[in-house]
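Visitor: I have not looked at this structure before, and I would like to learn how to read it feature by feature. Could you take me through it slowly?

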Amino acid sequence: MPYHAPVAEYQFILDHVVRLEQVTATDRFADATPDVTAAILTEAGRMSQEVLSPLNRSGDQHPARLENGVLRTSPGFDQGYKAIADGGWVSISAHPDHGGMGLPMALATAVNEMMSSACLALQIIPLMTQGQIDALEHHASDALKRTYLPKLVSGEWNGTMNLTEPQAGSDVGALTTRAEPRGDGTYAITGQKIYISWGDNDFTDNVVHLVLARLPDGPPGTKGISLFLVPKFLPDEHGKPGRANDLKVVGVEHKMGLHGSPTCTMQYDGATGWLVGREHDGMRAMFTMMNNARLGVGGQGIGVAEAALQHALAYATDRKQGRTPVEGGTGAIVDHADVRRMLTTMKADIFAARAIALACAVAIDMETATGAPDWSARAAFLTPIAKAFGTDTGIEVANLGVQVHGGMGFVEETGAAQYLRDVRVTAIYEGTNGIQAMDLAARKLMDGGEAAHALIDEIEAQAEAARATLPDLAEPLWQASETLREGLDWMIAQSDLTQRFAGAVPFLRAFARVLGGHYHLAAAMAETAAGQGNGPRTRLARFYLTRLLPEHAGLLAHATAGADDLYALSPDDLAA
């Protein structure tokens, strides 16, 4: 089934739910006028539908492969990438000083999500490049910026992120890759990195790797790590790709999904690199790229969820089976109560996750435009929620999509299974969702819960404002926010982080559930204010607040149960 970009949905959320107008009212983003925003969304949607979407199945069926040391990409991916680069979609939020559009992250988030819906395997390459651009803009020397940013922004070159090593996994501080200074401003990088998305390709002129490595005097752990820029080809005096660097792809992973995206094992054998940022400060620079990518990966989950919903809805509308209770119905399974439940759940959760991601992007834009600490704190707090809930939603919605298809969902020819296979890794990318939750419950509460309480205050204020017109929606949301506040205060009171970590995942999920209700209520309020009372957005909000929001209570009970019962069972008990 062809993908249809939900341009009107993005426009509605930006206009009426997350208030993009506060971003465009700043000097930094004044050029993002309503006309520009509409044109960006429309054109990106067209490109995603017409150019990228047809590549999704072919990428799955004809994977990237390594032949005699040369990376061969899936058929058509070169032209798909050319459309992305030529359209400027790599550089939508990059600074104009280096050739970028300089548009808000909120617009970039919407565009990236559309490309993810159309062909996630290909969208990963511009997402990684965008993160690298962000890191270089913030941390690289002027000389590195002059050489690399124009090429990355144009899409002529692409960027990667090299963190993981075979023996280290998520424990980045255990890395063993070495960086030896050569005395001329360059470093010799030696080591192996695994799981490097788009570590190579056969259609960009150069591949620029950001590599974490340890200098000879680097102390143990993450405090001793530095960040290096290591290109596939060393630029000559004119900034063009010159001789090959001493690095290579030594393997491509055989994965559950995302077959069109080469996940590479990279070997560095004294490769020439340049320091990005300060010595032993690599994690700070890399986190700039990772935080950019975390929001982007959350959007990838939402994008696949949207495609899976469209696919499932088309099947359910066409598939005739059994007797249905809908008067005047067509006899299609879309009229069965349980199928309708699944489809409506998919729709409601996509809206919630999308609104959370766009709200996070707006906070990032306001931080960029104003430098205000409260916007910075909000962006930081929402990032792990946007990443984890967005990717969890992608997996759950794709899984429901298989279920809607019934037995045909388990048959590869229908295409439903690909969405589930492709999206599953997003909960692992850029720090697993468990790591995101622990970050939320620990580092993001180091302010004593100030940023979290500010969000809850806004949720309650909106619920109070909605009591006059939408009391049946306002009251459960207000009550849920109070329960969330109690759970938040319990978390803050725990000095033993293990007690927090035991319930971190349900705590994050509960926060996302309540935030989702907040944004659904905002949509219903906007519809009511426009004289469209009890319209489709209000009806969807009622479904979410009645059927999905109540999950928060059980999640918070789990979140505040502590860790003692987890450790009451030994590994031997679990194996018995």
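Visitor: Which residues are linked in a network of salt bridges?

Guide: Before I answer, please keep in mind that this is a predicted model. As a general idea, side chains of opposite charge can pair when their charged atoms come close. In this structure R57, D60, E412 and R421 are linked in such a network of salt bridges, and the count for the model comes to 31 salt bridges.

Visitor: Which residue forms a salt bridge with D457?

Guide: D457 pairs with R485, and their closest N and O atoms are 2.9 Å apart. Because D457 lies in helix 13 and R485 in helix 14, the pair ties together parts that are 28 residues apart in sequence. D457 counts as partly exposed at 42% relative accessibility, whereas R485, at 15%, counts as buried, since buried means under 20% relative accessible area.

Visitor: What span should the 17 residues of helix 13 have?

Guide: At 1.5 Å a residue, helix 13 (residues 450–466) should span 24 Å, and its end C-alpha atoms are 25 Å apart, which agrees. Its buried residues, among them H453, L455, I456 and E460, pack against helix 10 (373–405), helix 14 (471–493) and helix 16.

Visitor: Is helix 16 mostly covered or mostly uncovered?

Guide: Helix 16 is mostly covered, with 22 of its 26 residues buried. It runs over residues 504–529 and reaches 37 Å from its first C-alpha to its last, close to the 38 Å expected at 1.5 Å a residue. Just after helix 16, G531 takes a positive phi of about 80 degrees.

Visitor: How many residues does the largest nonpolar core have?

Guide: The largest nonpolar core has 168 residues, and those with the most contacts inside it are V17, L122 and F511. Helix 6 (residues 105–139) gives the most to this core, with 20 residues. Leaving aside residues up to four places away in sequence, V17 touches F12, F351, A355, Y519, A522 and A523. There is also a second, separate core of 19 residues, which includes L71, I189, F228 and L247.

Visitor: Which residues make a nonpolar surface patch?

Guide: M438, L497 and F501 make one of about 220 Å². Of these residues, L497 is found in helix 15 (residues 497–502), and at 36% relative accessibility L497 counts as partly exposed.

Technical notes: Residues are numbered from 1 along each chain as its sequence is written. This is a predicted model: local features need pLDDT of at least 70, side-chain atom pairs count only at pLDDT 80 or more; totals for chains, interfaces and linings use all residues. Side-chain values use heavy atoms; hydrogens and water are left out. Helices (H or I, at least four residues) and strands (E, at least two) are DSSP runs, numbered from the N terminus. The expected span of a helix is 1.5 Å times one less than its number of residues. Buried means under 20% relative accessible area, exposed over 50%, partly exposed in between (1.4 Å probe, protein chains only). Patches are made of residues with over 30% relative accessible area and no salt bridge: like charges are joined within 9 Å, nonpolar side chains (Val, Leu, Ile, Met, Phe, Trp, Tyr) within 5 Å. Accessible areas come from the Shrake-Rupley method with a 1.4 Å probe; for residues, only the protein chains shown count as cover. A salt bridge is a side-chain nitrogen of Lys or Arg within 4 Å of a carboxyl oxygen of Asp or Glu. A nonpolar core is a set of buried Ala, Val, Leu, Ile, Met, Phe, Trp, Tyr and Cys residues joined through side-chain atoms within 4.5 Å. Contact means heavy atoms within 4.5 Å.
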